[in-house]
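Trainee: I have a new structure to read. Please show me how to go about it.

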Number of protein chains: 2
Amino acid sequence: MKKLINKPDDVVTEELQGIEAAHPDLVRVFYDPHYIVRADAPVQGKVALVSGGGSGHEPMHGGFVGVGMLDAACPGQVFTSPTPDQMEAATKAVNGGAGVVHIVKNYTGDVMNFEMAADLCRAEGIDVESVLVDDDVAVQDSLYTAGRRGVGTTVLLEKIAGAAAEERRSLKEVADIAREVNANGRSMGMALTSCTVPAAGKPTFEIGDDEIEIGIGIHGEPGRERTKLKPAAEIVEIMATAVVDDVPFKQGDQVLAFVNGMGGTPLIELYVVYNEVAKFLKGRGVTIARNLIGSYITSLEMAGCSITLLKLSDELIRLWDAPVKTPGLRWGV
Amino acid sequence: MKKLINKPDDVVTEELQGIEAAHPDLVRVFYDPHYIVRADAPVQGKVALVSGGGSGHEPMHGGFVGVGMLDAACPGQVFTSPTPDQMEAATKAVNGGAGVVHIVKNYTGDVMNFEMAADLCRAEGIDVESVLVDDDVAVQDSLYTAGRRGVGTTVLLEKIAGAAAEERRSLKEVADIAREVNANGRSMGMALTSCTVPAAGKPTFEIGDDEIEIGIGIHGEPGRERTKLKPAAEIVEIMATAVVDDVPFKQGDQVLAFVNGMGGTPLIELYVVYNEVAKFLKGRGVTIARNLIGSYITSLEMAGCSITLLKLSDELIRLWDAPVKTPGLRWGV
C-alpha cells in the first residue's frame, strides 16, 4: 500500500488538521468528537444543514462546509459511518433556532446513526428534518445498503439546499427542496481500479488489468457487471442509458450533468467522458443547462468516474447558481 | 493500460471538445491548429497572456483560460510541445493591441517553439515578451530541459500575471510581475506511481511496490532519489527543506503554500501533506498567508504530489486575491 500518509489510524485526524490549517476563514474543526462547522456558526435564524459519512470521499462532506452549502459535516473513519454523538454535537453547534436538516446518504450505518442523533436532538428541543439520498441506479440493494445507495446527487443536493437555507427559507421548505433534488437526480459509477482503505492496507477488491466494474459503489461495493475495458463512448452509453431511463429524463428536459472522478482519475479523462455525455444527451434531446466536472465524491484513490444527471427547474437553476464559498466548491464570492 | 478514453490518438481533441461543450461561457476552442481562447478575446487594450505545453497536465493550461488568468492556451499532444503555428495563431487571436506575454515552462521543445512563434508574431507587428518558468529545485538539468524545469509556480504565475493584465498594466509591467513570481517561487515533486502516455500504452517508468521517486518531473522524468516509501512527514521534510533553502525563505517571510496532486492522488492525502507543510513552515518561522490545495498541474494519472512555495509581497497577495473565472480556478465572481 503506497499512500501519502503517516500512520493509517491517524489519517482522518491529520486530514482534519490540514483542513483547519488551510481554511480558518471558512471553517472550524472540532476533534472530540470529530466535526467541522462553518466559521460563523451558528447563524441565527437560518436553517442549518448537517451531513456526514465515512471519510475517503473528499472533498465530500467536509469540503462542502461554508457559506451557501453545509453548516456542518461529521466525518467518520475511512468508509465508516460517523457516530450519533458526532452528529448530535454538530447539530447543536450549528442550530440557529430555525431547525436543522440532516442530509443522509442511504447506507445502513449512516441512516441508523443519523436517526439516533435526530431523536437525541429533538429531545433537546431542536427541530430536525432528515433527508435521505438514494440516487444510485446501479443496484437495488448492496453491501452496506437496503435500497439504492446515495452517491453523486448528494453533492448537488447539498449545494442547492444550502442556497435555499441561505435565503432564510423555512425548515420544511429547505427539506422539501432537498427531497426534490433527490427525486430528480440519478447516478451511476464505474471503476478501473480498486481503492485501498488505509487501515486494511490491501485493495478492497481485485480487478484484472483489462477489466472494469460498471455500477460500482463509492466504497468499492460490487456493481452490475464486471466486464472487459471498453472505449469511453461505450462506457458512457451504458451508464447514461441506465440513468436517463430511470427518472426518466425526456426530450426537452434541462439537466445538470455532473461527471465525477473517483479520486485516481485525471481531469483529462473526465473531459473525454463529459464529451461523450454531451453527445449522448444531445441524441436524446436533453439539454445540459449546467455542469460540474471534477472529483467531488471520491473513493480514496480509485480510478473511475460516475455520471449524475439532475432534472432542473428554473428554481433549481437559480439555487445552483447562487454564491457558494467552501473549500471544495466556490463561485460568486 | 486502463484509461477512460476512446482511441489514444484522439484523447487531446476529444478533451478539447469536452472543454468546449462544458464551458462555452468561458472559452472558445479552435482545432486547426489546437488552441483555446477566453470567450471575449481579443480584449482591446489589455495585455494578453498566452501559455501552452504538452497535454496531460490538466487543468493546466487550458483550464486556466478565462477572465483574470490566461487569454489563450496551446495544448500539444500528451507530453509533447505545442507547435509554433499553434502559438502564433493563439497570439494573433488574443492580441488586443497592448502586447502579448508568452509564459513558457522551461522544456527545450517549448522554449524553442515559443521563441519561433514570438519571432513570427513580432515580424507581424505584435509586441511579445517571453517569461520563462524554471522553479523546480530537484535537479539542474533533466531529460527534456537544460537548466531547471518549470512546474508548480507556473499556476501561481498565470493567476497573478493574469490579474495584473486585467488591471490594464503595461506589457513590461505584466512581464516583470510574472518574472518576479518566477524568481520567488520554488517547487519540488514526488511520485508513488508512474504515469502512462496513451500513445505509448505502457508506464513511463517502473517503480517498485514499496518505492517512491523524490524530485520527479511532471513527465515522469527522473528526480533526485529513488527510495523506500516513507511517512508523509518525512517526505515533506525532504521536499520542503530543499524548497525553503533555495530562495532562501527566511523567518518572517510570508508565502503562498501550494500542495499539488499529480493526478492520481486523492484530496484526503493532499490535506495530510498540507498539514505537514504547515507544521514544517511554522518551525522555520515562515507564515503561510495564502494556500492552494488540489490537482492543478498533473502528470496524467501519476500518484504523488508537489510542494510549491512562493514568497509573497502585499502586491502579490492583492493580485492573487483578485477575481478569477476559469474552468479550473475560480473565485470572486
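Trainee: How much area is buried between chain B and chain A?
Mentor: Buried area is the accessible area (1.4 Å probe) that two parts lose on being put together, summed over both. Between chain B and chain A that comes to about 4,300 Å². Carbon and sulfur atoms give 63% of that area. On the side of chain B, B:Lys2, B:Leu4 and B:Ile268 supply 21% of the area buried against chain A, more than any other three residues.

Trainee: What should I keep in mind about the model?
Mentor: This is a predicted model: local features need pLDDT of at least 70, side-chain atom pairs count only at pLDDT 80 or more, and totals for chains, interfaces and linings use all residues. Residues are numbered from 1 along each chain as its sequence is written, chains are lettered from A and ligands numbered from 1 in the order in which they are written, and side-chain values use heavy atoms, with hydrogens and water left out.

Trainee: How many residues does each chain bring to the contact?
Mentor: Contact means heavy atoms within 4.5 Å. Chain B gives 57 residues and chain A gives 57 residues.

Trainee: How many salt bridges and polar contacts are there between the chains?
Mentor: A salt bridge puts a side-chain nitrogen of Lys or Arg within 4 Å of a carboxyl oxygen of Asp or Glu. The count here between chain B and chain A is zero. A polar contact is a pair of N or O atoms within 3.5 Å; within protein, one must be able to donate a hydrogen and the other to accept it, and residues adjacent in sequence count only if both atoms are side-chain atoms. Across this interface, 24 residue pairs are in polar contact, both at pLDDT 80 or more.

Trainee: Now a strand. Is E7(A) enclosed or open?
Mentor: Strands are DSSP runs (E, at least two residues), numbered from the N terminus. Buried means under 20% relative accessible area, with a 1.4 Å probe and protein chains only. In strand E7 (residues 185–191) of chain A, seven of the seven residues are buried, so the strand is largely enclosed by the rest of the structure.

Trainee: Which way do its residues point?
Mentor: In a regular strand the side chains alternate between the two faces of the sheet. From E7(A), A:Gly185, A:Ser187, A:Gly189 and A:Ala191 point one way, and A:Arg186, A:Met188 and A:Met190 the other.

Trainee: Which strands pair with E7(A)?
Mentor: Two strands pair if DSSP finds at least two bridges between them. E7(A) pairs with strand E12 (residues 304–311) of chain A in the antiparallel sense, over seven bridges. There, A:Arg186 has A:Leu309 as its bridge partner. Two bridges join E7(A) to strand E8 (residues 211–214) of chain A, also antiparallel. A:Met190 stands opposite A:Ile214 in E8(A).

Notes: Buried means under 20% relative accessible area, exposed over 50%, partly exposed in between (1.4 Å probe, protein chains only). Helices (H or I, at least four residues) and strands (E, at least two) are DSSP runs, numbered from the N terminus.
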